[in-house]
Amino acid sequence: MFAVVLAGGTGKRMGGPVPKQLLEVRGKPVLGHTLEAFEAAPEVDRILVVMAEGYGDQARRIANEAGVTKLADVIGGGASRSDSSLAALSWIGSHVAPGEDCKVLLHDAARMLVTGEIIAEVAGALDECDAVTVAVPASDTVIEVHGDSGMETIAAVPDRSRLRRVQTPQGFRFSVIRAAYAAAEAEPGFTATDDCSVVLRFLPQVPVRVVPGDERNLKVTEPTDLAVAEALLER
Ligand SMILES: Nc1ccn([C@@H]2O[C@H](COP(=O)(O)OP(=O)(O)OP(=O)(O)O)[C@@H](O)[C@H]2O)c(=O)n1
Ligand SMILES: C[C@](O)(CO)[C@H](O)COP(=O)(O)O
């Protein structure tokens, strides 16, 4: 099983001079925390890091300092998260034997508090299905809006009991996620904010399993999230 750690973003919402995956939380970079989780997971054989352009050497150094022994490679990311996923899938495709399949986990480097239990849950589900996501129940009421920013009005209030907030890792049989992305490439303009959406859209016959996530598995996105991650680590 490959674990792909997506660290190709530049952290616009976080701000600051370096990508957020390089910021330190309790003395260790966000990326280092994330890599440690996958290094410790017995289900994961190899780890592929997709890093923001120009920071590859730093990613290797962080992996080294985190004691990562499973590092397969550090490759450059793309313009969007999906482009970075695609780069990882191309790399894996050129490193597995023709006709061979494997399992792939795609994970946000920014979810630095991912637990061994979550990784095991996703890996276990992949024994029974070809695509799986982690999600937690929505605790707020979620609305869909229409209209322009500042003049928005509510278009719909979906039934909250059926709403979930998606986390990563998302797990796939490699042949399935590769086929989904190949189809997506043929449709210019298609965008997705996660990888399961690509399967849902282009391989609708493939059920995407949902397994429980954890509120602690937050995505470090805004400066406040760093403080929350720090507080959670202190516990
Ligand atoms: N081109 C991109 C964009 C994002 N990511 C990764 O996908 C994860 C989730 O993305 P996000 O939280 O949006 O990170 P950024 O793109 O860095 O943040 P922002 O959207 O605020 O610029 C992050 O670990 C990020 O590094 C990536 O690999 N390649
Ligand atoms: C994949 C994801 O973490 C699921 O919640 C999320 O969609 C990533 O979004 P981002 O805008 O790339 O942070």
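Helices, at least four residues long, and strands, at least two, are DSSP runs numbered from the N terminus. In this predicted model, the protein has 7 helices and 11 strands.

**Overall form**

- The radius of gyration of the protein is 18 Å, which agrees with the value near 18 Å that a compact globule of 235 residues would have.
- Taken along the principal axes, the box filled by the C-alpha atoms is roughly 50 × 45 × 35 Å.
- Of the 235 residues in the protein, 37% are buried.
- Among contacts with a separation of 6 or more, 73% are between residues 24 or more positions apart.

**The sheet**

- An open sheet is formed by 7 strands in the order S5-S4-S1-S6-S10-S7-S11, and their pairing is mixed.
- Strands S5 (71–76) and S11 (209–212) stand at the edges; each has a single partner strand, so one side of each is left without a neighbour in the sheet.
- On average, and with direction ignored, neighbouring strands of this sheet are turned by 25° against each other.
- Strands of a sheet pair through backbone hydrogen bonds, and the pairing may be parallel or antiparallel.
- Strand S6 (residues 103–108) and strand S10 (residues 164–173) run antiparallel and are joined by 4 bridges.
- Val104 has Phe172 of S10 as its bridge partner.
- Helix H5 (residues 174–185) lies across S6, S10 and strand S7 (131–137), and runs at about 110° to S10.

- The residues around ligand 2 are Arg81, Asp108, Val166, Gln167, Thr168, Thr193, Asp194, Lys219 and Thr221.
- This shell divides into 1 nonpolar, 4 polar and 4 charged residues.

Conventions
Residues are numbered from 1 along each chain as its sequence is written. Chains are lettered from A and ligands numbered from 1 in the order in which they are written. This is a predicted model: local features need pLDDT of at least 70, side-chain atom pairs count only at pLDDT 80 or more; totals for chains, interfaces and linings use all residues. Two strands pair if DSSP finds at least two bridges between them. Axes are lines fitted to C-alpha atoms, for helices over the stretch in contact, and angles run from 0 to 180 degrees between N-to-C directions. Two residues are in contact if their C-beta atoms, placed from the backbone, lie within 7 Å. A residue is near a molecule or strand if its C-beta atom, placed from the backbone, lies within 6 Å of it. Ala, Val, Leu, Ile, Met, Phe, Trp, Tyr, Cys and Pro count as nonpolar, Asp, Glu, Lys and Arg as charged, and the others, Gly among them, as polar. The radius of gyration is taken over C-alpha atoms; the globule rule is 2.2 Å times the number of residues to the power 0.38. A residue is buried if 20 or more other C-beta atoms lie within 10 Å of its own, exposed if 12 or fewer, and partly exposed in between; C-beta atoms are placed from the backbone.
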